[in-house]
Amino acid sequence: MKKESPSMDAWLKEAKADSTAEKCGMYLFHNGVVRRDAKAKVRAGDASAAPVRGMEFACDAAKADAAVAAARQMDGIFYIRVWVNEGTLAVGDDIMYVLIGGDIRPHVVDALQFLVGKLKNECVVERELT
């Protein structure tokens, strides 16, 4: 069953109230959303891929926790928060939110790229519904 999406405003307020906030010069969000175009079309250029009407989505919590722990060890990273949806999702539904706080832009951008990649490639199972 899909979850209710969190408030990014509330997340940012909480991050700025955290004990690590004085070390953070940047916060960066990722919001993954179910799109209409199939992965085969946007990643592999398959123009014949049928449109997506939704997706089945699940996440291995232990693997996600390990991915977050690894990202926390990256240079200059002081704050991480992750929310992952689950169940049958429709086009436009939120798949995941990731918030990273760190000292400088290159560290935060690298950590976001690393963590979202780990989550998408190693922690979740998604099946497009056509």
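**A loop, a pocket and some helices**

Author: At 33% relative accessibility, Asp 60 counts as partly exposed (buried means under 20% relative accessible area, exposed over 50%, partly exposed in between, with a 1.4 Å probe and protein chains only).

Reader: Where does Asp 60 sit?

Author: In the loop between E2 and H3. Helices (H or I, at least four residues) and strands (E, at least two) are DSSP runs, numbered from the N terminus. Asp 60 is also 8.7 Å from Glu 122, C-alpha to C-alpha, although 62 residues separate the two in sequence.

Reader: Before we go on, what am I looking at, and how is it numbered?

Author: This is a predicted model, where local features need pLDDT of at least 70, side-chain atom pairs count only at pLDDT 80 or more, and totals for chains, interfaces and linings use all residues. Residues are numbered from 1 along each chain as its sequence is written, and side-chain values use heavy atoms, with hydrogens and water left out.

Reader: Fine. How many helices and strands?

Author: 4 helices and 6 strands. Along the sequence they come in the pattern α-β-α-β-α-β-β-β-α-β.

Reader: And what does the C-alpha trace span?

Author: About 50 × 30 × 25 Å along its principal axes. There are 130 residues in the protein, and 37% of them count as buried.

Reader: What share of the contacts joins residues at least 24 apart?

Author: 73%, among contacts between residues at least 6 apart in sequence. Contact here means heavy atoms within 4.5 Å.

Reader: On to H4. What's its reach from end to end?

Author: H4 covers residues 105-123, so to speak 19 residues, and reaches 26 Å from its first C-alpha to its last, close to the 27 Å expected. The expected span is 1.5 Å times one less than the number of residues.

Reader: Which H4 residues are buried?

Author: Val 108, Ala 111, Leu 112, Leu 115, Val 116, Leu 119 and Cys 123. Seen down the axis of H4 they fall within an arc of 120°, so they line one face of the helix. The arc is taken over the directions from the helix axis to the C-beta atoms.

Reader: Why would spaced-out residues point the same way?

Author: An α-helix has 3.6 residues a turn, so residues three or four places apart do that.

Reader: What do the buried ones of H4 pack against?

Author: Quite a list: strands E1 (26-33), E2 (54-59), E3 (77-84), E5 (94-102) and E6 (124-129), plus helix H3 (61-72). On the other side of H4, Gln 113 and Asn 121 are exposed.

Reader: And H3, which residues are buried there?

Author: Ala 64, Ala 67, Val 68 and Ala 71. Down the axis of H3 they stay within an arc of 100°, so they line one face. E2, E3 and H4 are included in what covers them, while Ala 62 and Asp 65 on the other side are exposed.

Reader: Now Ile 80. Buried or exposed?

Author: Buried, with a relative accessible area of 7%. Ile 80 lies in E3. Leaving aside neighbours within four places in sequence, Ile 80 is in contact with Val 68, Ala 71, Arg 72, Leu 99, Ile 100 and Leu 115. Its C-alpha is 4.6 Å from that of Ile 100, 20 residues away in sequence.

Reader: Which lining residues lie nearest its centre?

Author: Val 33, Arg 35, Arg 43, Ile 95 and Lys 120, out of 15 lining residues.

Reader: Which element gives the most to the lining?

Author: E1, with 3 residues. E1, helix H2 (39-44), E5, H4 and E6 each supply at least two.

How values were computed: On a 1 Å grid over the protein atoms alone, a cavity is a set of points where a 1.4 Å probe fits but cannot get out, and a pocket is an open set with protein on both sides within 12 Å along at least five of seven lines; lining residues have an atom within 4 Å of a point.
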